[in-house]
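Hi everyone, thanks for making time this morning. Have a look at the model first, and then we'll start.

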Amino acid sequence: MLFYKWASQALIPCLFNLVAASPPQGPIHISSNKFFDENGSQFFIKGIAYQRQIPGYEHEPFSEIPKGYIDSLAHPSKCLPDVELLKELNVNTVRVYQVDPDQDHEICMHALAKNGIYVLVDLSEPKHSINREDPSWHTELLGHFRQVVDNMSKYENVLGFIAGNEVVTSVQDASAAAFVKAAIRDTKAYQKQKGYRQIPIGYTANDDTETRENSLRYFQCGNTTADFYGINMFEWCGIRGSGGAGVPQRVWVQPGETRPFTDTDSLYGPEMTGVWSGGVAYEFFENENHFGVVHESQGRLQKSAEFDTLRLRFTAARPKATESRAKKFAPACPDWPASAQLPPQPDPEICGCLRSAVTCVPTTGPGDYESFELSSQNRELLASVCENIDCSEIEADGARGVYGRFSGCAPQDRLAWALTAEGSCDSKMAKSKEREEGSCGSDFWKSLKKTASPNSASPNSASPESSSVSTSSSSIVEPMSTISQPSNYAIPRNNSIVEYHLNRAGRADPHDLGNLLMFGRWLQLMMAIFYMGWRV
């Protein structure tokens, strides 16, 4: 397929210094639809996913292991040798998937900064993330996201936060997107409230034909938008993927297959730098999926053959600054099962009152290091109780944009509300508790059974969120306008090894995106950052 590009669009911000040994020139900022350093030079990302996995480390004295992960930035004895290899690899960005907010990251972050390396930080962790099967945006998640922001915002080499990774994987779970946008909104508001640097906050999606186009539009529409948007891909087009007559073909990557990384020629070349902002290769450490460029055994690091290949590709890439162009109108919200009406910000005070007022609670709950989401047993208990009573007060419907008054409370608190409202606490799965006296007022419990008013917004409304929902946009956006799209350009099917991001200053057209993905040699990189904003 021929390369196609909207003449008025430049979608990605992300430029990066080529020499990783040069220390960062302060924090990266966004102007129009590009990333820039403090000297005004455009920044393109040359990155790699940097995350150790637990297998092989079970007996290490790492306090975060009971939480289900290893914090790659919390252990200087591990990260300092890694930084030497990251420097040699000529990367200027790493992505870390989990950060423990209870630990100090000073030494590792400063070592990365000294060597010119920025960090993309996921706000979620395995036990604190939005669950696509039963999505909600609640007090425990909000608290965890805030803790990560508190811990990491002081570092000038934090490039961005990621609020969700592949939360939406099909049309059936598309409603979960509303909760991710609410997380983005409230985390932006928290940064502003605390006076922190406004670090960009985005979302990374899977590359799926069912959701690709609508997901991209959804995270650009309305008053709350993602600052950047990524696509995780697991196909590539290297030498083997080049078809006849210069037509590229997407090919599945097989674990253990040596990747030539020839796609960097296109990603950092003139064909794509007007839109794309670089990429993050998958991945640094060799794990069970066998895509790592470094093997670690008994504390020793050994480079794979792919390490030198990727190093040479990054070194040779010389992306040139491109003109910043931005559309002045955002796209209309798509017609799919995710409402423009977002969940309200979780209110810890109301949820605390609820916790004090209930008189029946589940027998089992999450332990110190367990997920706050309900166990399968407690989910069944809640479903059975809600067959007998009206549970609209605790339910959240991201497809219709209707959220009960207590839908932002923790799952265990919502279950306790249902058990108490049913008026029966003689089950083996529930137990009685005394109602606590507090400052919530004597009429609080009487109000618990009131039905939440249905939201008047239509499920597919493209209007901004109502005033009852807290927003954190720095300015009021103009009314949305639909971006016209050509119908004769097919969007490629899912999965390659690349993650892409879009600049929030230049709105992406999904068809334009599709044609770009089909163009050129596919890089074996996992992420190319481009921002989604549409305001100049």
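Before the first helix pair, one term: an axis here is a line fitted to C-alpha atoms, for helices over the stretch in contact, and angles between axes run from 0 to 180 degrees between N-to-C directions. Please also keep in mind that this is a predicted model.

So, our first pair. Helix 1, residues 76–89, and helix 2, residues 106–114, have axes that come within 9 Å and cross at roughly 10°. Angles under 35 degrees count as roughly parallel, and helix 1 and helix 2 are therefore roughly parallel to each other. Which residues make the contact? From helix 1 we have Pro-76, Cys-79, Leu-80, Val-83 and Leu-86, and helix 2 brings Ile-107, Cys-108, Ala-111 and Leu-112. Sorted by class, this contact of helix 1 with helix 2 has nine nonpolar residues, no polar ones and no charged ones.

Now let's move to a second pair. Helix 3, residues 139–152, packs with helix 4 at an angle of about 45°, and their axes are 10 Å apart. That angle makes helix 3 oblique to helix 4. The crossing of helix 3 past helix 4 is right-handed. On the helix 3 side, the contact uses Leu-142, Phe-145, Arg-146, Val-149 and Asp-150. On the helix 4 side you'll find Ala-183, Asp-186, Thr-187, Tyr-190, Gln-191 and Lys-194. How do the residues of the contact of helix 3 with helix 4 divide by class? Five are nonpolar, two are polar and four are charged.

In soluble globular proteins, nonpolar side chains tend to be buried together. The largest nonpolar core here has 77 residues, and the members that touch the most others are Ile-48, Leu-73 and Met-152. Helix 4, spanning residues 176–194, gives the most to this core, with nine residues. Apart from this core lies another, of 23 residues, including Phe-406, Ala-416, Ala-418 and Ala-421.

Let's zoom in on Leu-73. Leaving out residues up to four places away in sequence, Leu-73 touches Tyr-50, Val-96, Val-99, Asp-104, His-105, Cys-108, Met-109, Leu-112, Val-119 and Met-152.

Finally, the whole chain. There are 12 helices and 18 strands, and 59% of the 536 residues count as buried. Among contacts between residues at least 6 apart in sequence, 82% join residues at least 24 apart. Thanks, all, and I'm happy to take questions.

Key: Residues numbered from 1 in each chain as written. Predicted model: local features only at pLDDT ≥ 70, side-chain atom pairs only at ≥ 80, totals over all residues. Heavy atoms only, no water. Core = buried A, V, L, I, M, F, W, Y, C linked by side-chain atoms within 4.5 Å. Buried < 20%, exposed > 50% of the residue type's maximum accessible area, 1.4 Å probe, protein only. Helix = DSSP H or I, 4+ residues; strand = E, 2+ residues; numbered from the N terminus. Contact = heavy atoms within 4.5 Å. Parallel < 35°, antiparallel > 145°, perpendicular 65-115°, else oblique. Left-handed = near helix turned anticlockwise from the far one by under 90°. Nonpolar A, V, L, I, M, F, W, Y, C, P; charged D, E, K, R; others polar.
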